[in-house]
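Take a look, then read on.

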Amino acid sequence: MTIGNRAYKEIKKRAKENGISPSEEAKKMGIESGLLSKWKQNGNPAGYFLQQMCFAGYDVIYILTGEKNG
């Protein structure tokens, strides 16, 4: 699984918890739905977007490595 796949899955998971679409969840962090689609298809997020995810409370260490932090 790529970094982009993990980022997409985490956004999708949180969106489901919040009762919104993955695109809406991503938009809250300034991530366009087109980028989200690229990540789903094995593209990788730029550092800026990983930073935005970190600020939003995502486990970026997991997204980068595939290993849960702690």
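## Getting to know the fold

Gly66 is found in the segment after α5. Keep in mind that this is a predicted model.

Q: Is Gly66 buried, exposed or partly exposed?
A: Residues under 20% relative accessible area are called buried and those over 50% exposed, with partly exposed in between. Gly66 has a relative accessible area of 33%, so Gly66 is partly exposed.

Q: Which residues does Gly66 contact, leaving aside its neighbours within four places in sequence?
A: Contact here means heavy atoms within 4.5 Å. With neighbours within four places in sequence set aside, the contacts of Gly66 are Arg6 and Ile61.

Q: How many Å apart in space are Gly66 and Lys12, C-alpha to C-alpha?
A: Along the sequence, Gly66 and Lys12 are 54 residues apart. In space, going from C-alpha to C-alpha, the separation of Gly66 and Lys12 is 16 Å.

Q: Is Glu67 buried or exposed?
A: Glu67 lies in the segment after α5. Leaving aside neighbours within four places in sequence, Glu67 is in contact with Ile61 and Tyr62. The cut-off for exposed is over 50%. Glu67 comes in at 55% relative accessibility, so the word for Glu67 is exposed.

Q: What pattern does the protein follow along the sequence?
A: The protein has 5 helices and 0 strands. Reading along the sequence, you get the pattern α-α-α-α-α.

Q: What is the radius of gyration of the protein, next to what the globule rule gives for 70 residues?
A: For 70 residues, the globule rule gives 11 Å. The protein is close to that, so it is as compact as a globular protein of that length, with a radius of gyration of 11 Å.

Q: What box do the C-alpha atoms fill?
A: Picture a box taken along the principal axes of the protein. The C-alpha atoms fill one of roughly 25 × 25 × 20 Å.

Q: Which residues touch the most other members of the largest nonpolar core?
A: Buried residues make up 33% of the 70 residues in the protein, and the largest nonpolar core has 15 residues. The ones touching the most other members are Ile11, Ile31, Trp39, Met53 and Ile63.

Q: Which elements give two or more residues to this core?
A: Here we're asking which elements give two or more residues to the core. They are α1 (3-18), α3 (33-40), α4 (47-55) and α5 (60-65).

Q: Which residues does Trp39 touch, not counting residues up to four places away in sequence?
A: Trp39 is one of the core residues that touch the most other members. Not counting residues up to four places away in sequence, Trp39 touches Gly4, Asn5, Ala7, Tyr8, Ile11, Ile31, Asn44, Pro45, Phe49 and Met53.

Q: What is the phi of Asn42, roughly?
A: Asn42 sits in the loop between α3 and α4. At 48% relative accessible area, Asn42 is partly exposed. Asn42 is not a glycine, yet its phi is positive, at about 85°.

Q: How many Å separate the C-alpha atoms of Ala46 and Gly4?
A: Ala46 lies in the loop between α3 and α4 and counts as partly exposed at 40% relative accessibility. Ala46 and Gly4 are 42 residues apart along the chain. Their C-alpha atoms are separated by 9.5 Å.

Definitions and conventions. Residues numbered from 1 in each chain as written. Predicted model: local features only at pLDDT ≥ 70, side-chain atom pairs only at ≥ 80, totals over all residues. Heavy atoms only, no water. Helix = DSSP H or I, 4+ residues; strand = E, 2+ residues; numbered from the N terminus. Rg over C-alpha atoms; globule rule 2.2 N^0.38 Å. Buried < 20%, exposed > 50% of the residue type's maximum accessible area, 1.4 Å probe, protein only. Core = buried A, V, L, I, M, F, W, Y, C linked by side-chain atoms within 4.5 Å.
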